[in-house]
Every structure is written in C-alpha cells, then in structure tokens.
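Here's a quick briefing on the structure below. Have a look at it first, then read on for the fold, the sheet and a few local details.

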Amino acid sequence: MYEQKRQHPLMILVSTLKGAANILLPLLLVSFGNVVGGDLTRGLFTFLIGAAAVMAISAIYFALSWAFYTYRYEEGYLHIKAGILLKKERSIKKERVQTVNIVRGILHRIFGLASVQVETAGGAAESELKLTAVTWEEARRIKDNLESPDTSESRASSQGPSDSRSTPDPEALDPRQSQTTAAPGRENLRDSQKGAPAATATGSTPTAATSTPAASTPATSTATPGAAPAAGTSAYRVPFSELFIAGATSGGFLLLFALLGAAFSQLYPYIPETFWEFMLEQVTSTALATIVLLVFAILLISWLISNIIFMVQYADFTLQRSESRMQVTWGLIEQKQLTLQLYRLQAITIVETLLRQPFGMAHLTAEIAGGGSQEQEYVTILYPLLRRKNLREFLGDILPEYRLPESMNGLPPRSRKRYLLRALLVTLILVVPLQWLPYGWLGFILLIPAAILGEMRYRDAGTSLDGNQLALRFRDFQRSQVLMHKNHIQSLEISANPFQRWSGLCTIRASVLSSPQGKTFAVTDVDLEEARRIWQWYSRY
Amino acid sequence: MEAEPRERIDPRALKAWFFSGLLLGLALLLIPVAYLILGQMVWDWPPLWGWLALAAVVVYTFLDAVVIPRYRMRIWRYEIREEEIDIQRGLIIIRRTLIPMVRVQHVDTEHGPVMRYFGLATLRISTAATDHRIPALSREKAAELRGEISALARVSDEDV
C-alpha cells in the first residue's frame, strides 16, 4: 500500500485535451483570418499544423509531468514528488488537511477518472495539492486515507465505485460534480470541539443572506450590554446620528470627488458657452472664482452623495455576540447578515483615520481566517464607528478575549530622527523633479506636513504585551492598533538594516492568517530590548 | 534571541551559488556581445556602450557569484527545536524569523538541476500565512528535516 504511485496514465490525455481546448480558439481565429483572406487551403493548413504542434508539445510536457509525479500515502501522511527540472517533494500530514475535494469533469466521467484536490489552511502560494487524474477508486482511497477514522461517516455516501460511470443519476448530469468533506485538520482554527460532526466544519458559515431583519432586531437598542434575548448575547447597534458622523467622515467623498471631477472635465466642452457667460455674470467676473466655486460645489455634492450611500449601506448596523460567534447585520435596501464563528477571528484592528481622529472616533476591522472561494464577502469592517472613550467598554462586552492595552510602550527618542528623515526623504524625492516646472519651489512647502506626519508616526508607534495578547500600533496616514493573540501569530520576524543595528533598533513584524491571504503588521524602529521581550514572549523557550 | 541560531547551511552552497551565478552571467553576456558584433558588422553602432555593458555584466557576475554568496553564507543560520524553527538570513538587512512548530502547515524540499548536481536542496516551510525557506542544505539533511518537521508539526491543544 505504501509504494510510490503515479497518477492514471490517462492524465496525460485529459490534461492535453484540456490544454488544447484553451489553445484551439485563438488558433481557430488565426486560421479564420486566413480563410477570410481568401486562402482556404492555407487557413486549414495553419490550423492543422498549429493544432498538431500544440498537441504534440503539450502531450510531451504532460507525459513528463506524469512520469515525474509520484505520490505515496502511509499512515497519516501523503508524500508527493514532482517536477521535471525543478524537483519538489512535499509531505502533508493528515491533521493539516482541511478539505479533500473530488472533482469530476466531463473528460473524467468518460474515462471513469476523478481529480483530487487536497487543501490545507495555507494562505501562501501553492498551498494545495492536485492530482489531475486518478481512478475513481483511488480517489476514494486517498480521501478516506486523509480523513480520520472517526469521521468516516462522511464516506457513507452512496457514491460507490460502481455508479461512477452511470449516467441516470440526476447528479451525473452536472458536468462538474464535486464532493467536499471536511477533514479533522481544522483544529488549528477551531475550538477543541473534537466531537463536532464534520459537516459543521466546512467553514462556509458566513452567509450573505437577504434574510428578514427579524432575526436580529430583538436586542437592537443602543449599546445594551447584557440585554440579551438569547443566553449570553450582547448586542451593539450604531445609532442614526453616529452613522451620519461616520458617513460624513468616511472619506468616501474624496474618491467620489475625483470621479465627479473627472466626469466633469469630460463634460466640460459640451456645456454651452452661453451658460458659462450667464454664470459669470451672475456670480463674479473672474474665472478663478468660478473654478473655486465649481470645485466647492462638486465637493459638496460628492460629500452628500457619499454620505447617503454610506448611511444606506450601513443602516441598522448591528453586532451581536453570543458564546462562540458574532453576528453582524446591516443594510437598508439589501439586508445583509453575517455569522462569524469566533475561532476564525485572527486579529482585530482599531483604525483611526485622519478625518475621524480629531473627533475621537475610530472603527474596528477584523482579520478572518478561512473562507473558500464561494465566500465572496470577507468581513473586514467589524464595527463602522466607535468613540475612542467607549472602546474599552465595547471590547469588554463584545470581545472580552481582546483587551485594549492600558498603555503602549513607545519608541525610544533615538527613533525620532529616523522617522522624520524617512518622511522628509520620500517627500524630497517627489519634490525635486518638480523644480523643472515653474513655481516648482512651492513643492518644498510639502516638507512641513511631511515632517508633521513623521513626528506623528513616531509618537503613535508602539508595542504592548498583555498576557497572550500582542498589540502593535503604527500609522501610515491613519492610525492602526492591531490586537492579536499569541496563538494566532503565524510567525514573528525581527529585522534590522545597518543603520538600525548601529542605533540598537529594529523592525518587528507579526503575521496572521487572513483571507484571502496572510497579513503582516509591522512597527519600525522599535528598541531592540523591547523587540527581545516580544521575541521571548513568542518563543517557547 | 540572545544567541544566533546554531546550524549553518551546507558549505557546498558556495559552489552551487558560484556556478548558477556564473551561468546567469554567461547568459547576460550574450546581450553586450551581440550588440558589439552586430553593431560592428551590420550597423554602425558606437562600441563604447557595448564595452560598458560588458563591464557591468562582469562586475555584476563577480558580485553575484563570488562576493554576495560569501556574505549570505556568513549570515544564514537556522535552528530547528522541538517547538519552533528559528531562521536568520539577510545581506544588508538581517532578518530573524521565529516559526512555532504548531503553526507549520507543510514542509517541502525542492531542487533545480544545479542544486541537484551539488547534492543540495532547499527546504521550504509554509505556515498558513507565510512562506519561509532554508536554502542549500544537503539533500539527505533536507529530507531528514522535512520528516522531522512534519512529525513535530502536530496540532496542539493550545490552539484555538
């Protein structure tokens, strides 16, 4: 059973035919061009020669891939060797396997084959493994082998090897029939609910269903901790006034302004001359004033529109927390509802944008693990607007797992000049080429806000450790404070360039799992001692 | 954190990197050579640019094949402990990475033709969010580590 196996030789044929299907259309077009050009024989000739060449090359390629691709499974492992020139070997442990999909296309059905896709939680490239064509029995065997014996009830499906070629089965009419079963490898994401049936682990919980608001309304009074309809539930709802402020400061209007401005500049030539003359007479005689007025008008319009869009979009935004999950509902026209299993939450970020910070307001975003391609909606905004002073209470109610740090360890004073220099240098690189333009020297004025931004970045950067929670705070333009648990950090990196080494500073980076790929958060120019402390905290030694 | 990771990569890496750097250099050399020859024979291009490009390729190849591998070699360290993997790498910016075993999703080894000739392989370690590599280990060592890490990379109860 443990011998090194190859895929079914028909894999070469299946892959070649599949590849050919992609090539044939452009080839057909080229040949058709010849036919239209009046040269029928030449068209046919091109097509045949081209098709033959493509088929031959891909057949050779796939034959080599087939020959060099071997796999072997033994208790708990799947080993693969692959690669024609660049050789690869991979071992996948059963516990790490998230799902095993058996997919059968039309070609597979004709030959009684199946393709097997083994997926792990990896967000990194090439995280999955694919066998293009094996016999149906072999596919079943691999699937069973990668699934724990205790979840074997999932294999009790009627899909025996015998009906693999049968057509009367209504499902068989579907050319891409697929089977998905969760393997037990989800423990790294899930609470230790070992006994949970495999069916609940498929991870497709968040559903953007257009359900009635009835399910969410019972507890939707403003900030009512403990006013729980179901056991252990608390709910928060964004009041209308707050929503207005959120929309007003969302910054969406700037984008809209750019769009409207662009649209307007396109329309400009079509507006009749007389209209402008009329406008000029009415308002003022200088062209400059008109332009200023126009800009303000567009700005105001886009601000209003984006505000309305925001308010409609996030109307009735309600966040509910129960024991093991959170439920988010929002939307006026299209009521959306999302259920988020808590084990999938990897990190939360408190974001204060430049527009909102002066008002002491922030919003919460979340990094969420898993979620297949069918889940188009990744929840990123966990809560659209919060007052900074209510944050601690809010977290205590909704997410007691995360604590707002009492204080952050800031950066040492010697980091300040590096922050200032960096901000100024970037600006200089932008400003210096402007010197070839008239009034280019005005660009140097930009150095002032750049220096202020650098100073703000320096002051806002910080780290904090609290039990099993690491907090990183940093600013690009908006200020972000990321809270993550030790067991959600996938890897920790400390790096230093020669200048940083010289001053005993370093950059610290923590990566977490997120959808669709991992995310890394960094704080620059941290005191080496502080970085060591975090390293020690993360290390198991 | 105080001490550097203990293990170094295989000294044969120097040869392999020299060889692949040299191959790349030779390939790059074709561009200025073609310029010089064609420029002289077919068109009337000034040869100066060709010589400059040639010099640039030579300098680059020397750095890439001889100088940089030495530095890289000196900095590359790794250590595989029972519960974590500790990697140090870099040239100018030195990076130190810590990967807990429980976070490792899978481990690969891979080698191209040059690496194979020198009996080397690269170990690639993937977590759910990141990808890390230890280049140029001996093939046996790489296979051994792959087995070791996949055995150690168990799912622990501390996971939530």
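Within chain A, 58% of the contacts between residues at least 6 apart in sequence join residues at least 24 apart (contact means heavy atoms within 4.5 Å). This is a predicted model, where local features need pLDDT of at least 70 and side-chain atom pairs count only at pLDDT 80 or more, while totals for chains, interfaces and linings use all residues. Residues are numbered from 1 along each chain as its sequence is written, chains are lettered from A and ligands numbered from 1 in the order in which they are written, and side-chain values use heavy atoms, leaving out hydrogens and water.

**Chain A overall**

- Chain A has 13 helices and 21 strands; helices (H or I, at least four residues) and strands (E, at least two) are DSSP runs, numbered from the N terminus.
- Of its 541 residues, 46% count as buried, where buried means under 20% relative accessible area, exposed over 50%, and partly exposed in between (1.4 Å probe, protein chains only).

- Six strands make up an open sheet with antiparallel pairing, in the order 21(A)-20(A)-19(A)-3(B)-2(B)-1(B); two strands pair if DSSP finds at least two bridges between them.
- At the edges sit strand 21 (519-527) of chain A and strand 1 (77-80) of chain B, each pairing on one side only.
- From one strand to the next, the twist averages 15 degrees.
- Strand 20 (residues 505-512) of chain A pairs with strand 21 of chain A over 7 bridges, in the antiparallel sense, and A:Val512 has A:Lys519 of strand 21 as its bridge partner.
- Helix 10 (residues 416-431) of chain A packs on this sheet and touches strand 20 and strand 21 of chain A, its direction making about 125 degrees with that of strand 21; axes are lines fitted to C-alpha atoms, for helices over the stretch in contact, and angles run from 0 to 180 degrees between N-to-C directions.
- Over in chain B, helix 4 (residues 139-152) lies across strand 1 and strand 2 (84-90), running at about 45 degrees to strand 1.

**Helix 10 against helix 11 in chain A**

- Helix 10 and helix 11 (residues 447-460) of chain A pack at about 145 degrees, with axes 8 Å apart.
- Their crossing is right-handed (left-handed if the near helix is turned anticlockwise from the far one by less than a right angle, right-handed if clockwise).
- On the helix 10 side the contact residues include A:Tyr419, A:Leu420 and A:Leu424, and on the helix 11 side they include A:Ala450, A:Gly454 and A:Tyr458.
- By class, this contact has 9 nonpolar, 2 polar and 4 charged residues; Ala, Val, Leu, Ile, Met, Phe, Trp, Tyr, Cys and Pro count as nonpolar, Asp, Glu, Lys and Arg as charged, and the others, Gly among them, as polar.

**Helix 9 and A:Leu395**

- In helix 9 (residues 391-398) of chain A, the buried residues are A:Leu391, A:Phe394, A:Leu395 and A:Ile398.
- Down the axis of helix 9 of chain A, the buried residues fall within an arc of 95 degrees, so they line one face of the helix; the arc is that of the directions from the helix axis to the C-beta atoms.
- A:Leu395 itself has a relative accessible area of 1%.
- Leaving aside residues up to four places away in sequence, A:Leu395 touches A:Ile348, A:Pro400, A:Tyr402, A:Arg403, A:Leu404 and A:Leu483.
- A:Leu395 and A:Gly443 are 48 residues apart in sequence and 44 Å apart in space, C-alpha to C-alpha.

- Strand 5 (residues 120-127) of chain B is mostly covered, with 8 of its 8 residues buried.
- B:Leu120, B:Thr122, B:Arg124 and B:Ser126 point one way from strand 5, and B:Ala121, B:Leu123, B:Ile125 and B:Thr127 the other way.
- Strand 4 (residues 104-111) of chain B runs antiparallel to strand 5 and is joined to it by 6 bridges, with B:Thr109 opposite B:Leu123.
- Strand 6 (residues 131-138) of chain B is also antiparallel to strand 5, again through 6 bridges, and here B:Leu123 stands opposite B:Ile134.
- A hairpin of 3 residues joins strand 5 to strand 6 of chain B.

- A:Asp316, not a glycine, has a positive phi of about 60 degrees; A:Asp316 sits in the loop between helix 8 (287-313) and strand 10 (318-321) of chain A and is partly exposed, at 29% relative accessible area.
- B:Ala136 has a positive phi near 55 degrees, but lies in strand 6 of chain B and is buried, at 0% relative accessible area.
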